[in-house]
Amino acid sequence: MSFALACRECALGLLKTAREWKAANRPDEVKRLVRNARWYWRHYLMRKA
C-alpha cells in the first residue's frame, strides 16, 4: 500500500470515529478528530498524483 492510500484510509477512519463521537455528544473530541483527518487528507491529495 502506498503512503497516499494509507493517508486516505486513516482520514476516512478518523471521520468515521468522529461521527461516533458526535453521536455521543462530544464536540471537543469531534473537532480534534476532524482536524487530524484533514491533515491526512491533505497529504493524500498531495501524494496521489
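Colleague: Phenylalanine 3 lies in helix H1. What kind of model is this?

Modeller: This is a predicted model.

Colleague: How many helices and strands does the secondary structure of the chain come to?

Modeller: The chain has two helices and zero strands. Helix H1 covers residues 3–23, and helix H2 covers residues 27–47.

Colleague: What box do the C-alpha atoms of the chain fill?

Modeller: Taken along the principal axes, the box is roughly 35 × 15 × 10 Å.

Colleague: At what angle do the axes of H1 and H2 cross?

Modeller: The two axes cross at roughly 160 degrees and come within 8 Å of each other. Angles over 145 degrees count as roughly antiparallel, so H1 is roughly antiparallel to H2.

Colleague: Is the crossing of H1 and H2 left-handed or right-handed?

Modeller: The crossing is left-handed. As for the residue classes, the contact of H1 with H2 has 17 nonpolar, three polar and four charged residues.

Colleague: Which C-alpha distances can I check against that arrangement?

Modeller: Start with phenylalanine 3 and arginine 47. They are 44 residues apart along the chain, and their C-alpha atoms are separated by 7.7 Å. Another pair is glycine 13 and arginine 32, which are 19 residues apart in sequence and 13 Å apart in space, C-alpha to C-alpha. Glycine 13 lies in helix H1.

Colleague: How do I read accessibility for those residues?

Modeller: Buried means under 20% relative accessible area, exposed means over 50%, and partly exposed is in between. Phenylalanine 3 has a relative accessible area of 47%, so it is partly exposed. Glycine 13, at 33%, also counts as partly exposed.

Colleague: What percentage of the residues of the chain count as buried?

Modeller: Of the 49 residues, 22% count as buried.

Colleague: Is asparagine 25 buried or exposed?

Modeller: Its relative accessible area is 63%, so asparagine 25 is exposed.

Colleague: Next, the charged side chains. Why can they pair?

Modeller: Side chains of opposite charge can pair when their charged atoms come close. A search of the whole structure finds four salt bridges here.

Colleague: Which residue forms a salt bridge with arginine 8?

Modeller: The partner of arginine 8 is glutamate 9, with the closest N and O atoms 2.9 Å apart. Arginine 8 is partly exposed, with a relative accessible area of 28%. Glutamate 9 is partly exposed as well, with a relative accessible area of 41%.

Colleague: What is the N to O distance in the salt bridge of glutamate 20 and lysine 16?

Modeller: That distance is 3.9 Å. The cut-off for a salt bridge is within 4 Å, so the pair counts. Both residues lie in helix H1, four residues apart, which is about one turn of the helix. Glutamate 20 has a relative accessible area of 47% and is partly exposed.

Colleague: Where are arginine 32 and glutamate 29?

Modeller: Both are in helix H2, where they are three residues apart and therefore separated by about one helical turn. Arginine 32 and glutamate 29 form a salt bridge, with 2.4 Å between the closest N and O atoms.

Colleague: Is glutamate 29 buried or exposed?

Modeller: Glutamate 29 is buried, with a relative accessible area of 17%. Arginine 32, at 36% relative accessibility, counts as partly exposed.

Colleague: Last, the cysteines. How many disulfides does a search of the whole structure find?

Modeller: The search finds zero disulfides. Cysteine 7 is in no disulfide, and the nearest cysteine sulfur, that of cysteine 10, is 7.2 Å away. The cut-off for a disulfide is a pair of cysteine sulfur atoms within 2.5 Å. Cysteine 10 is likewise in no disulfide.

Colleague: Is cysteine 7 buried or exposed?

Modeller: Cysteine 7 has 2% relative accessibility, so it counts as buried. Cysteine 10 is partly exposed, with a relative accessible area of 31%.

Terms used. Residues numbered from 1 in each chain as written. Predicted model: local features only at pLDDT ≥ 70, side-chain atom pairs only at ≥ 80, totals over all residues. Heavy atoms only, no water. Buried < 20%, exposed > 50% of the residue type's maximum accessible area, 1.4 Å probe, protein only. Axes fitted to C-alpha atoms, helices over the stretch in contact; angles between N-to-C directions. Parallel < 35°, antiparallel > 145°, perpendicular 65-115°, else oblique. Left-handed = near helix turned anticlockwise from the far one by under 90°. Nonpolar A, V, L, I, M, F, W, Y, C, P; charged D, E, K, R; others polar. Salt bridge = Lys/Arg side-chain N within 4 Å of Asp/Glu carboxyl O.
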